[in-house]
Amino acid sequence: MTNLLQVRDVHASYGHAQALFGVSFDVRAGEVVTLLGRNGMGRSTTVKCLFGMLPLKAGAISFGGKPLASLASHHIARLGLGLVPEGRQVFANLSVEENLVATARAPRHTQRSLQPWDLERVYRFFPRLKERRGNHGWQLSGGEQQMLAIGRALMTNPLLLVLDEATEGLAPIIRAEIWAALAALKAEGLSQIVIDKNVGALLKFADRHVVLEKGKVVWQGSSEALRAEPHIVQQYMGVS
Ligand SMILES: Nc1ncnc2c1ncn2[C@@H]1O[C@H](COP(=O)(O)OP(=O)(O)O)[C@@H](O)[C@H]1O
Ligand SMILES: [Mg+2]
């Protein structure tokens with residue numbers, strides 16, 4: 001498998017407060033990689049660096065062999081990174097359908113192996129969104145908003161889908177739907193970076209895990225390796 005994303009020794013700060021201290025990891029084509037850690041450990045900051053929302057103080061990120069440093073966010077999205085942001089951030093005053101078409105973009109030639117996404121396919125994937133197509137963002141439940149946020153990212157025909165807090169704040173039955181949706185996307189070869197607290201669900205479908213503590217990678221390895229070292233989850237996520 002070739003490397004789709006390379007994150008190398010990334011340092012980043014908010015003003016004088018440094019948040020990342022040399023973060024490195026890779027995502028290979030077709031892989032699902034998680035960023036694990038307690039709140040405030042640098043997971044969202046890493047995502048902001050990937051999407052050009054926070055400049056790197058040092059280090060490098062490349063995507064499909066292309067350096068991302070100094071590219072604007074919209075340019076990075078055009079290269080094939082799709083974001084499902086923390087807090088979902090759907091447009092409250094647009095309808096479900098308007099939210100979806102707002103970000104639509106044709107598939108790029110480099111993704112022949114991935115089936116293209118359009119409105120009809122998103123509606124088949126999340127039938128709930130079709131039922132709610134005329135409703136405004138503000139009228140949706142948390143679960144519907146998350147489906148919309150995922151659908152909106154899929155409409156960009158991404159090569160790598162990044163989910164910051166994939167199931168945060170959702171009821172267990174909706175969480176299960178989201179996990180099933182992400183597993184289906186993996187099954188068709190869509191690469192993903194997933195942030196979530198639910199290690200049990202992540203262990204089932206992710207390939208590798210990157211554990212962050214105070215802006216540093218303190219452990220990384222496969223699901224099999226993480227299962228064999230339960231103290232890692234205990235120590236760095238405070239759960240068993
Ligand atoms: N906009 C911001 N301004 C200043 N500090 C921030 C900002 N966002 C995050 N931080 C700080 O950066 C560190 C990493 O935060 P973050 O990456 O959001 O953590 P998480 O792993 O929970 O996503 C924390 O110490 C946090 O307080
Ligand atoms: Mg966060």
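1. Two strands are taken to pair if DSSP finds at least two bridges between them, and the helices (H or I, at least four residues) and strands (E, at least two) are DSSP runs, numbered from the N terminus. With these terms, the hairpin of S4 and S5 has two residues between the strands, and Gly64 in this hairpin takes a positive phi near 60°.

2. This is a predicted model, in which local features need pLDDT of at least 70 and side-chain atom pairs count only at pLDDT 80 or more, while totals for chains, interfaces and linings use all residues. Residues are numbered from 1 along each chain as its sequence is written, and chains are lettered from A and ligands numbered from 1 in the order in which they are written.

3. The sheet is open and consists of four strands in the order S2-S1-S4-S5, with antiparallel pairing. Strand S2 (17-28) and strand S5 (66-67) stand at the edges with a single partner strand each, so one side of each is left without a neighbour in the sheet.

4. Strand S1 (residues 3-14) is joined to S2 by nine bridges, the two running antiparallel, and within this pairing His11 has Phe21 in S2 as its bridge partner. S1 also pairs with S4 in the antiparallel sense, over five bridges, where Arg8 has Ala60 in S4 as its bridge partner. S4 is in turn joined to S5 by two bridges, again antiparallel, and Ser62 stands opposite Pro67 in S5.

5. Helix H1 (residues 43-50) lies across S1, S2 and strand S4 (58-63), and runs at about 70° to S2; the angle is taken between N-to-C directions, from 0 to 180 degrees, of lines fitted to C-alpha atoms, for helices over the stretch in contact, and contact requires C-beta atoms, placed from the backbone, within 7 Å.

6. How many residues of H1 are buried? Eight of the eight are, so H1 is largely enclosed by the rest of the structure; buried here requires 20 or more other C-beta atoms within 10 Å of a residue's own, against 12 or fewer for exposed and partly exposed in between, with C-beta atoms placed from the backbone. Among the buried residues are Arg43, Val47, Lys48 and Leu50. Just after H1, Gly52 takes a positive phi of about 70°.

7. Ligand 1 is surrounded by residues including Tyr14, Ala17, Gly37, Met41 and Arg43, where a residue belongs if its C-beta atom, placed from the backbone, lies within 6 Å. H1 gives the most to this shell, with three residues.

Technical notes. Contact = placed C-beta atoms within 7 Å.
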